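Morning, everyone. Let me put the sequence and the model on the screen, and then we'll walk through some helices.

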Amino acid sequence: PGTCKMGLFPHGTWQLFYEIVSRLLAFTMNSLICASPPPPSPQTPLHLAVITHQANMVEALLREGADPAALDRNGQTSVHLCCEHNQQECLSVVLSAGAASTCLEIRNYGGLSPLHLAVQRGHKHLAKMLLDAGADINVMDIKSGLNPLMHAVESSNAEMVRFLIESGCDVNGQSYSGNTALHSACGRDQVDMVRLLLKSGADSSLKNYHNDTPVMVTKNKKGLLLPLEVISAHCRVFYSL
């Protein structure tokens, strides 16, 4: 009882059942194969020309129709590679191409735009070129929602922070967790960076999604306390220390 015996059905019925199951399995396997992601794209000649610092070759390839938005195996466009390899001449050539504007906000597989890479690596001249070409100065990365200003703070690059502020970035922009650049600077005990951000309009009363203000982030770090004069001179809300 409860078991299926082949003898209960005519032989032809089982043959039909087998054919139906076989076809369903074949259909399922084909569907899975079709649904699989495509293999990573290899580097194109344009990618290689940028990596090998050949601006003339970059220009020739673009003239012949090379796509500046094509992705390599890391999801990087030619503009990403220019920023990663500090290729000012190549970047100038790529940005002069008509379709290059579509590359400015593309994130690589690490979630970073070309501007994020330029800021992380401290290439202010490349960051300026990207901004002049129309890149979003407040663009958020995919993984954490960090904007270029936050990346500059995390890189401890005061010169880049100053450049981005002077270029009009949102000094109070918040990441996915609600942190601002000031939260990051306070959490790293970067006193001069904190002064710069506060002087530039950073709001010390903004809370992240843990309900912490920048000062509270500092107080939560054992052994890392910002000088009292920085807090008292700039904080808009008083916190007992």
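Start with Cys90, which lies in helix α5, residues 88-95. Helices here are DSSP runs of H or I with at least four residues, numbered from the N terminus. Before going on, the ground rules. This is a predicted model, so local features need pLDDT of at least 70 and side-chain atom pairs count only at pLDDT 80 or more, while totals for chains, interfaces and linings use all residues. Residues are numbered from 1 along each chain as its sequence is written, and side-chain values use heavy atoms, with hydrogens and water left out.

Back to Cys90. Is Cys90 buried or exposed? Cys90 is buried, at a relative accessible area of 0%. Buried means under 20% relative accessible area, exposed means over 50%, and partly exposed is in between, with a 1.4 Å probe and protein chains only. Which residues does Cys90 touch? Leaving out residues up to four places away in sequence, Cys90 touches Val50, His53, Gln54, Ala55, Val58 and Cys82. Contact means heavy atoms within 4.5 Å. Take Ile51 too: Cys90 and Ile51 are 39 residues apart in sequence, and their C-alpha atoms are 9.4 Å apart in space.

Next, α7. Its buried residues are Leu126, Ala127, Met129, Leu130 and Leu131. The cover over them includes α4 (78-84), α5, α6 (114-120) and α9. After α7 comes Gly134, with a positive phi near 110°.

Now the packing. Two packed helices are described by the angle between their axes and the distance between the axes. Axes are lines fitted to C-alpha atoms, for helices over the stretch in contact, and angles run from 0 to 180 degrees between N-to-C directions.

First pair: α7 (residues 124-132) and α9 (residues 158-166). Their axes come within 11 Å and cross at roughly 20°. That makes α7 roughly parallel to α9. The cut-offs: under 35 degrees is roughly parallel, over 145 roughly antiparallel, 65 to 115 roughly perpendicular, and the rest oblique. Which residues meet? From α7, Lys124, Ala127, Lys128 and Leu131; from α9, Glu159, Met160 and Phe163. By class, this contact has 4 nonpolar, no polar and 3 charged residues. Nonpolar covers Ala, Val, Leu, Ile, Met, Phe, Trp, Tyr, Cys and Pro; charged covers Asp, Glu, Lys and Arg; the others, Gly among them, are polar.

The angle is about 5°, and the axes are 11 Å apart. α9 and α11 are therefore roughly parallel to each other. Ala158, Val161, Arg162 and Ile165 in α9 meet Met193, Leu196 and Leu197 in α11. That contact divides into 6 nonpolar, no polar and 1 charged.

Loops next. Most residues other than glycine have a negative phi. Ser156 is not a glycine, yet its phi is positive, about 55°. Ser156 is in the loop between α8 (148-154) and α9. Asp189, also not a glycine, has a positive phi of about 60°. At 26% relative accessibility, Asp189 counts as partly exposed.

Last, the record. Residues 110-142 are 48% helix and 0% strand, with end C-alpha atoms 8 Å apart. Residues 144-176 are 48% helix and 0% strand, with end C-alpha atoms 6 Å apart.

Key:
Helix = DSSP H or I, 4+ residues; strand = E, 2+ residues; numbered from the N terminus.
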